[in-house]
Amino acid sequence: MLIKPNANILPDTGEPGFGIYLHWPFCAAKCPYCDFNSHVRHQPVDQQRFAEAFIKEIAYMRELSGPKTVTSIFVGGGTPSLMDPATIETVLDGVARSWHVPDGIEITMEANPSSVEADRFRGYRSAGVNRVSMGVQALNDKDLRFLGRLHNVEEALKAIGLARDIFPRMSFDLIYARPDQTIEAWEAELKQAISYAVDHLSLYQLTIEEGTAFYGLYKAGKLQTLDEERAADLYEATQEITAAQGMPAYEVSNHARPGAESRHNLTYWRYGDYAGIGPGAHGRLRHGAAKRATATERNPEAWLQRVEAERNGMVENELLGPEEQADELLLMGLRLREGVDLARWQHLSRRDPDPDREQALLDLGFIERLGNSRLRCTPKGMLVLDSVVADLAF
C-alpha cells in the first residue's frame, strides 16, 4: 500500500491544483435520469483485468503530464462502491507510482447506499480513501422509486451513518425540483439532510437529458416537470436554507461548511489540470502554452481492448489555444462563489471584458466585481448563468 489512510485532509490553498479522475463505469442498474457513462453488466466484471488496464493508462497519462504533485483524487462512475477494496488499492497505488502523492490529499470515492457494506467501507478507508460522496438523491421512498434508485430511506440513513463513522469527510447528493414537489416538502427534506452532521451537500435540480429514460417519457408526454418559475423558487429556497444552516453555496449546486469544500471539484472550477483515466473519462493537461483536452472511449470493453493494445483508450486529444482556454476558464469559474481571476482570464484572452456588456450585467444585478482582481455572479445571476457566460465571453 503506497497511499496512507491519513485522517487529516490538507487545507485548500486557493490554487487550481492537479487532480486525478478515475472512472469506474459499471452500475447495478441504470437510473432513468442519468446521462453519465454508466453501464449494467449481468455477468461479473473482471476487476483484475480492468485494474491492470487502469495502471497502463495511468502510466501513459503520466508521460503526457510530466512530473506533477497530485492535490486530489476522485473515483467516480458508475458505481465505484461495486469495486472490491483490493481493486481500489491497486489503482490508487498506480497513481502513487506515477505522480507524487503527498500525505493528506483529498481522495474521494462515490458510493451508492444499495452497495454499501461496513467491511467494504473499511477496506476503502484502508486503501487511502478519506472522503466519500453518497448518491442518496431523495429522503422519501416514493421519490426514490420514481428516480429508479435501488435503496430505500432506511438503507440510505444506515449508509450515511457508516460513512460518517468510517471516513473523515462525507458528502451526499440530493435531486430536487421533482414533479409536484412543493417548497414546503423540499424545505423539510433539506433540513433533515443537513441534520445528519454532514459537512458537504450536492443539490441538483432534476433535468431531463437526451438519451435517458426520462427523456423518452418526457417527449411522449408521460412525464411532467416543474415550470421555470417554481424551479427558480426551489433554487432560491435552497440557497436561503443552506446559508442559514451554515452550509452556503460555494458553487451553483454545491454547499459546504467553511473548509469542507470539495478540493477535487475546485480543481475543475478553478480550471486546473487533471488526468482523466478509465472509460469515458475527460482530462485537461498543460502542453506548453496550450492545454490538451483528452477523452477516452466510453464503452468499457472497447476501452479495455484499446488500453491493452495501445496503453491508452483515448479517442480525443485536442490542443486548446489561449482563446478557448479563456472561454473554459470563464465557463467554469463563474460557477464559483469566489468568481474568476480576471488577470488570468485577461492573460489568456488577451483582452479586457467588454465594458458595455459588463456594465449591462452589473446594472441588471447579475454580476459584481470583487475589487479589481475578481468577477463573480450574484445569486440572481446564478439563475441565468449560461446567459451571463455567453455575454461575457463574446
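Mentor: Let's take a helix, then the cavities. This is a predicted model, where local features need pLDDT of at least 70, side-chain atom pairs count only at pLDDT 80 or more, and totals for chains, interfaces and linings use all residues. Residues are numbered from 1 along each chain as its sequence is written, and side-chain values use heavy atoms, with hydrogens and water left out.

Trainee: Which residues of helix α15 are buried?

Mentor: An α-helix has 3.6 residues a turn, so residues three or four places apart point the same way. In α15 (residues 385-393), Leu-385, Val-388, Val-389 and Leu-392 are buried (under 20% relative accessible area, with a 1.4 Å probe and protein chains only). They span an arc of only 95° around the axis, which means they sit on the same side of α15; the arc is taken from the directions from the helix axis to the C-beta atoms.

Trainee: What do the buried residues of α15 pack against?

Mentor: Their partners include α11 (322-333), α12 (342-349) and β17 (374-377), with contact meaning heavy atoms within 4.5 Å. Helices here are DSSP runs (H or I, at least four residues), as are strands (E, at least two), numbered from the N terminus.

Trainee: And what lines the second largest cavity?

Mentor: Rolling a probe the size of a water molecule over the atoms shows where empty space is left. Leu-392 turns up again in that lining, along with Leu-330, Leu-342, Trp-345, Pro-353 and Leu-375. A cavity is a set of points on a 1 Å grid over the protein atoms alone where a 1.4 Å probe fits but cannot get out, and lining residues have an atom within 4 Å of a point.

How values were computed:
Buried means under 20% relative accessible area, exposed over 50%, partly exposed in between (1.4 Å probe, protein chains only). On a 1 Å grid over the protein atoms alone, a cavity is a set of points where a 1.4 Å probe fits but cannot get out, and a pocket is an open set with protein on both sides within 12 Å along at least five of seven lines; lining residues have an atom within 4 Å of a point.
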